[in-house]
Amino acid sequence: MRRAPFTLVRLDAAHHDRKAFDCRSAPLNHYLHEQAGQDVRRRIAACFVAIAADGRIAGYYTLASASVLLADLPDGASKKLPRYPTVPAVRLGRLAVDHTYQGQGLGGALLADALDRAIRSEVASYAMVVDAKDEAATAFYRHHGFIEFPSSPRKLFLPLAVAEKMG
Ligand SMILES: CC(C)(COP(=O)(O)OP(=O)(O)OC[C@H]1O[C@@H](n2cnc3c(N)ncnc32)[C@H](O)[C@@H]1OP(=O)(O)O)[C@@H](O)C(=O)NCCC(=O)NCCS
């Protein structure tokens, strides 16, 4: 399979060509085209982009701080944690790959990069959390070891200690 080389950098809203990005999901396209720059400026989210050899944005993801109610975690996970009402987390708010690059490993590489950033952060987080937009996205995250919250199956988490062991 053809593999294009990518550079992973922070979104530079003034210089990266965001308009050409098309992952075939209107809300995820709209977010990069219209909203990501503002969210980055206001520190609502950090946005990282994979730049292809021709300078186009091939994929992106966002990270932000979050917290998880201990009561929302499955018993197996919550029993190992202190009895605080919430535990800290990192939210992978959005993850998308341009349709011309899908199925070539970029989505998996972006997810691995996001987990790596969360693990390396000096600010502690128990888990990465995601809100999957549909069944295909849920399957993608499950494939990568994420576990569904018992009360909301489209919301998933992966303890960072587990991600670290998975390498
Ligand atoms: C979901 C998405 C990010 C996946 O990116 P991608 O580059 O096509 O995926 P990759 O080629 O990197 O796949 C990585 C691995 O995930 C698996 N995978 C990909 N999509 C999958 C799915 N829907 N269900 C289960 N596994 C999936 C691949 O088989 C591959 O497995 P392997 O590493 O064991 O070989 C991409 O298809 C996309 O942007 N879709 C539209 C937006 C979207 O749905 N985003 C999800 C966030 S809500």
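The model is predicted: local features need pLDDT of at least 70, side-chain atom pairs count only at pLDDT 80 or more, and totals for chains, interfaces and linings use all residues. Residues are numbered from 1 along each chain as its sequence is written, and side-chain values use heavy atoms, leaving out hydrogens and water.

**Exercise 1. Check the span of helix α3.**

Step 1. Helices (H or I, at least four residues) are DSSP runs, numbered from the N terminus.
Step 2. The expected span is 1.5 Å times one less than the number of residues.

**Exercise 2. Examine the salt bridge between R117 and D113.**

Step 1. A salt bridge puts a side-chain nitrogen of Lys or Arg within 4 Å of a carboxyl oxygen of Asp or Glu.
Step 2. For R117 and D113, the closest N and O atoms are 3.0 Å apart.
Step 3. An α-helix has 3.6 residues a turn, so residues three or four places apart point the same way.
Step 4. R117 and D113 are 4 residues apart in α3, about one helical turn.
Step 5. Now classify by relative accessible area: buried is under 20%, exposed over 50%, partly exposed in between (1.4 Å probe, protein chains only).
Step 6. D113 is buried at 16%. R117 is partly exposed at 25%.

**Exercise 3. Which residue forms a salt bridge with R120?**

Step 1. The partner is D116, with the closest N and O atoms 3.0 Å apart.
Step 2. R120 and D116 are also 4 residues apart in α3.
Step 3. R120 is exposed at 55%. D116 is partly exposed at 36%.

**Exercise 4. Describe the largest pocket.**

Step 1. On a 1 Å grid over the protein atoms alone, a pocket is an open set of points where a 1.4 Å probe fits, with protein on both sides within 12 Å along at least five of seven lines; lining residues have an atom within 4 Å of a point.
Step 2. The volume, the space filled by probe spheres set on the points, is about 650 Å³.
Step 3. Of 26 lining residues, L28, L95, A96, K133 and A137 are closest to the centre.
Step 4. β4 gives the most to the lining, 6 residues.

**Exercise 5. Describe the second largest pocket.**

Step 1. Its space is about 520 Å³.
Step 2. Among its 20 lining residues, A46, L63, A64, S65 and S121 are closest to the centre.
Step 3. β3 supplies the largest share, 4 residues.

Terms used:
Helices (H or I, at least four residues) and strands (E, at least two) are DSSP runs, numbered from the N terminus.
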